[in-house]
Amino acid sequence: MVCYWILVIADTRNIHRYTMTVAISYLTACQVSRVFIYSYGILSTDFSGPLMIITQKTTMLAFQVHDGMSKKSEDLTADQKRLSVTSKPSLIEYLSYNLNFLSVLVGPCSHYNDYIDFIEGRHVQRRLGKPPGTNAGRSGPDEVPEPSPMAAVTRKLVICVVCMVLFLTLTKAFPITYNVDSRFVSEAPFLTRLSYAFFSIQAARPKFYFAWTLADAINNAAGYGVKGADETGRVSWDLISNLNIWGIETATSFKKFIDNWNIQTGVWLKTVCYDRAPRYRTALTFVLSALWHGVYPGYYFTFITAIPITMAARGVRRNLRPHFLSSHLMKLGYDVLTWAATQLCVCYTVMPFLLLAVEPTIDYYRSMYFHVHIISILTAIALSRGRQHGDGASCSSSNGTRPPSLQEHPPPSNNNLKGN
């Protein structure tokens with residue numbers, strides 16, 4: 001309600017700054033209470049999850065109102081222009097967007113314009129409507145039939161069941177805390193510890209797969225989530241999907257992994273931070289992401305560690321990948337090697353996210369000899385120097401490159417979708 005008050009009375013030139021400051025400050029205060037009052041526990045009274053989603057919605061809406069009411073059209077990117085909000089929402093529209101039952105618990109966050117189109121019955125027509133002039137005089141966009149979400153919802157519910165079974169079995173078999181067990185660390189060889197880290201992180205993923213897929217299925221069941229249709233007419237219901245499991249498990253780069261993980265949060269970070277930061281975009285975006293997740297020290301270890309890994313991965317792809325494209329066999333070998341490296345880097349990076357506290361995080365990094373930190377930093381430095389001495393054309397404006405973790409990519413199967 002404070003953010004709505006700001007939305008109504010504040011100058012639209014600064015509305016996004018005020019809203020971001022208030023929303024993130026309040027979220028941080030609640031996250032601090034979660035750590036020091038709940039003592040790292042997750043109680044039934046913990047409301048930080050829904051509050052994180054509302055923080056995304058209120059801030060993204062404020063930025064889009066700022067774009068639509070205070071900036072010139074030529075100053076906006078194509079995405080900003082399409083998503084800009086040109087009039088302030090009414091109280092009922094604002095509350096409906098933030099507190100609707102479809103997304104109030106675990107999201108996903110969606111754009112205000114998309115949600116209002118859904119509420120007012122324009123969602124499907126905008127995504128599947130025929131172009132102007134098609135069959136003129138006989139049928140128009142208003143006559144596009146409403147597609148059934150039954151197949152999409154059923155498929156996603158089946159995935160939920162599988163993920164729940166995996167979570168209830170694998171997670172107990174591979175506890176995360178065993179990675180820092182003193183006896184295991186002192187007695188097990190390095191490769192054994194590395195292998196266990198890999199399998200324990202794999203076993204921790206199904207709970208996220210379950211929650212986000214179920215949330216997506218709930219929105220689809222209500223008729224929300226149509227993205228478009230491919231050339232065969234098959235409708236995609238992945239407009240607000242939060243993950244692409246196949247893309248995650250087969251990712252051959254750190255970029256591809258993060259592009260397919262918590263997708264809508266990536267869209268939010270891109271909207272409110274990366275596209276607008278004048279410099280240090282990647283670092284600032286990772287810091288905001290850590291701050292949004294909470295104040296557990298492990299979150300900051302994770303996102304700070306991700307910065308040199310992201311820089312090193314960019315350098316490797318830019319400088320080394322072209323040398324492996326001369327034959328199918330070399331390309332396959334490169335993909336296998338980069339898949340293994342990506343999965344191990346992800347395990348190393350997200351382990352503190354699950355361990356949460358400082359002491360177990362340092363124990364884990366020490367048991368791994370800080371090898372990913374060292375390799376990624378040295379690789380980023382070496383390849384950046386090589387780039388500086390290389391072709392001038394290949395050295396142009398790195399600050400104009402969108403961060404690999406924050407691009408809004410559709411799942412691979414939906415690359416040819418039609419619609420907005």
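In the predicted model, the loop between helix H16 (328-355) and helix H17 (358-367) contains Leu-356. Although Leu-356 is a residue other than glycine, its phi is positive, with a value near 75 degrees. The relative accessibility of Leu-356 is 17%, and the residue therefore counts as buried, the limit for this class being under 20% relative accessible area. A positive phi, of about 50 degrees, is also found at Asn-262, which is not a glycine. Asn-262 is placed in the loop between helix H12 (254-259) and helix H13 (263-274). With a relative accessibility of 12%, Asn-262 counts as buried.

A further backbone feature concerns a proline. The peptide bond that joins Gly-107 and Pro-108 is cis, with omega at about 0 degrees. Pro-108 has its place in the loop between helix H5 (91-99) and helix H6 (112-119).

The packing of one helix pair was examined next. Two packed helices are described by the angle between their axes and the distance between the axes. For helix H14 (residues 281-293) and helix H15 (residues 297-319), the axes come within 9 Å and cross at roughly 155 degrees. Angles over 145 degrees count as roughly antiparallel, and H14 and H15 are therefore roughly antiparallel to each other. The handedness of the crossing between H14 and H15 is right-handed.

Two pairs of residues illustrate how positions separated in sequence are arranged in space. Thr-379 belongs to helix H18 (residues 371-388). Between Thr-379 and Ile-309 there are 70 residues in sequence, while their C-alpha atoms are 9.0 Å apart. Thr-379 counts as partly exposed, its relative accessibility being 22%. The second pair involves Arg-17, a residue of helix H2 (residues 15-36). Arg-17 and Thr-59 are 42 residues apart in sequence, with a C-alpha to C-alpha distance of 8.8 Å. The relative accessible area of Arg-17 is 48%, and Arg-17 is thus partly exposed.

Attention then turned to the charged side chains. The count of salt bridges in the model comes to 17. One of these salt bridges is formed by Asp-238 and Lys-156, whose closest N and O atoms are 3.3 Å apart. This pair links distant parts of the chain, since Asp-238 lies in the loop between strand E2 (235-236) and helix H11 (245-249), Lys-156 lies in helix H8 (residues 150-173), and the two are 82 residues apart. Both Asp-238 and Lys-156 are buried.

Another salt bridge joins the side chains of Asp-230 and Arg-234, with an N to O distance of 3.6 Å. The two partners fall into separate accessibility classes: Asp-230 counts as buried at 14% relative accessibility, whereas Arg-234 is partly exposed, with a relative accessible area of 46%. Asp-11 and Arg-13 likewise form a salt bridge, in which the closest N and O atoms are 2.6 Å apart. In this pair, Asp-11 is partly exposed at a relative accessible area of 30%. Arg-13, by contrast, is exposed, with a relative accessible area of 55%, a value to be set against the limit of over 50% for this class. Beyond these pairs, a network of salt bridges links Asp-79, Arg-82, Lys-270 and Asp-275.

The surface was also examined for nonpolar side chains. A nonpolar patch on the surface is formed by Val-2, Trp-5, Val-8, Ile-9 and Val-22, which together have about 470 Å² of accessible area. The element that gives the most to the nonpolar patch is helix H1 (residues 2-9), with 4 residues. Val-8, one of the residues of the patch, is located in helix H1. The relative accessibility of Val-8 is 42%, and Val-8 therefore counts as partly exposed.

Key:
Residues numbered from 1 in each chain as written. Predicted model: local features only at pLDDT ≥ 70, side-chain atom pairs only at ≥ 80, totals over all residues. Heavy atoms only, no water. Patch = residues over 30% accessible without salt bridge, like charges linked within 9 Å, V, L, I, M, F, W, Y side chains within 5 Å. Areas by Shrake-Rupley, 256 points an atom, 1.4 Å probe, with all protein chains shown as cover. Salt bridge = Lys/Arg side-chain N within 4 Å of Asp/Glu carboxyl O. Buried < 20%, exposed > 50% of the residue type's maximum accessible area, 1.4 Å probe, protein only. Axes fitted to C-alpha atoms, helices over the stretch in contact; angles between N-to-C directions. Parallel < 35°, antiparallel > 145°, perpendicular 65-115°, else oblique. Left-handed = near helix turned anticlockwise from the far one by under 90°.
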